[in-house]
Amino acid sequence: MTILPQLTKALTKALSSLGYPEKEIKLSPPNNTNFGDLSTNLPLTLSKNLNKNPIEIGEIIRNALILPDKLIDEVTVTKPGFLNFKIGNAYYYQVLADILSNNQYGKNDFGKGQKANVEFVSANPTGPLNVGHGRNAVLGDTVSNLLEWNGYNVTREYYYNDAGRQMRVLGQSVEARYFEILGKVFDFPEDGYEGNYIKVIAQSLIDTHGDVLSVGDPIFKVEAEKTIFADIEKSLLGLGIKFDQFTNEKTFYENGEIDKFLEELRLKNLIYKKDGATWFRSTALGKDQDRVYIKSSGEPTYRVPDTAYHRDKVKRGFNLIIDVFGADHTDTYPDVLLALEALGIKTNHIRVLLYQFVTLIRGGKKVKMSTRKANFVTIDELVEELGSDVVRYFFIMRGMNSHLNFDLDLATDQSEKNPVYYLQYAHARICNIIKHGEDLDVSNTSDYDSTLLKDPSEMRLLKKLEKFPWIIENALHSLEPQTISNYLHDTANFFHKFYSECRVVTDDISLSEARIALVKGTKVVLGNGLSLLGITAPERM
RNA sequence: GCCCCGGUAGCUCAGCUGGAUAGAGCAACGGAUUUCUAAUCCGUAGGUCACAGGUUCAAAUCCUGUCCGGGGUACCA
């Protein structure tokens, strides 16, 4: 049993035995380790209720506390009113033993028996994936990993619109290039896709079908979609990302779900016609404007299939549904949820992760990315240049709410000293130490004497390892994977410091064995953390 | 105009469910290698946490306003 719940319980008991009001008990490690390992501000928060000096309250609680044996070395009360606990080393030694007996250390059961769906990337197949999609892809995949680490059964899902304007224009673009290459009259669409890959697809159509294709042949669009999608899947695989399910918009037209959904809204008087278009009466549900559902051209806006799709996901019975969207969806997903709620569908298990845009900087200048204009840096280029590990770490180490300035030149220059290597190097170093120990026959970690671990750098590292499950649990609630990369960086840092302070394998066999145990424990944490982030943990570098 | 995100060291960013002395990487400068990997470690320097109010015993963190940057506010997605 971890120490946090035990202490919380002891504090709760003390409060009730004193007749003090119930308070939420928050225990957290203080910044300054001189205060101990865990602190609570309980005396401060009680001070107002009791109209008493917080220090005095702290002392009273301290005296009333009944603590588990040998777990806590010391309890102190410090100004302005904190209650601090110094945890005994024995507890941490036990944690190390736990880690060594469980190479899944860090995993938990919070999501056991529960199904989660993570929808991400979801780029329409109109061109290669660019840097912006990269952030989405890595974020979605890492969150999926995180859910799996918390026991969820996760479906990674990619949704795309294959019935809308974008794909139509894509087909027209290919068609135009086809006739252009054949030297015939062609009409390049106004908003056509200008990338070279369009010409490649057109050429392959010529190679397989010759010049017999005629204007408006559906094959242009079909072939483009097929080819580009294959490329997208390959790009994602380059980042170690594999989807369980692809769902497309067309499905919901064909199975009647969209008509059904519109009809239900109509029955609730939430749909009306105006100016030849069909509108969603979102103002009736508290929004400040209505939205067009079906354009006067007869083409539905993307909100319509999107809502039908989300209803479908809800129906599939997931306990948790996560959408990973770029900031351009900020204003649109609330309408989707609103429509679902209007139909009596619960949406409180849907969580939307909005990430801010990636600003690409090249040659000191911002590059405005556009798939249509073929002005972008692709994921393939990025992965080829930096490697999957670096790309993944780069995208995940920053919070999703921050705009990401991606300086391509800098990323290339710094690839040699990229922060991800710091973590990987620690892991490789560990592997080497373990190997060195084995060569000298110092590898017994089944009955080592853990009490020999008492150097400050050893204890600091060990205490860090103890936090790992707690980090995973917190990341589950916040769904902010950067907390994990931050943690791993700290862990690697503490390890490197320990390494420079303490020689692991020496003539002192007992001490060596104890230190090997600590090193192996660190390896488990770093290895597990890296695998959660989808980053390799090399044995040597 | 309105909505969302951000503004923290020269640069890129952590920290934000309020806590005790605000951090890291890069860049700058100075050290450490007869040693299990120097892709490391130690040290120096670098801050009005955009600004102004407010709440609180306590604010980078919460609230209000202002300024600046990005995104949205389309019968584009």
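Good morning. Between domain 2 and domain 3, three residue pairs are in polar contact, with both residues at pLDDT 80 or more; a polar contact is a pair of N or O atoms within 3.5 Å, where within protein one must be able to donate a hydrogen and the other to accept it, and residues adjacent in sequence count only if both atoms are side-chain atoms.

This is a predicted model, in which local features need pLDDT of at least 70, side-chain atom pairs count only at pLDDT 80 or more, and totals for chains, interfaces and linings use all residues. Residues are numbered from 1 along each chain as its sequence is written, chains are lettered from A and ligands numbered from 1 in the order in which they are written, and side-chain values use heavy atoms, with hydrogens and water left out.

Chain A is assigned domain 1 (3–87), domain 2 (109–413) and domain 3 (418–532), with bounds from an automatic or database domain assignment. The contact, meaning heavy atoms within 4.5 Å, takes 23 residues from domain 2 and 24 residues from domain 3.

How much area do domain 2 and domain 3 bury between them? The figure is about 1900 Å², with 69% of it on carbon and sulfur atoms; buried area is the accessible area (1.4 Å probe) that two parts lose on being put together, summed over both. Leu146, Trp149 and Tyr393 supply 35% of the area that domain 2 buries against domain 3, more than any other three residues.

Finally, zero salt bridges are found across this interface, the rule being a side-chain nitrogen of Lys or Arg within 4 Å of a carboxyl oxygen of Asp or Glu.
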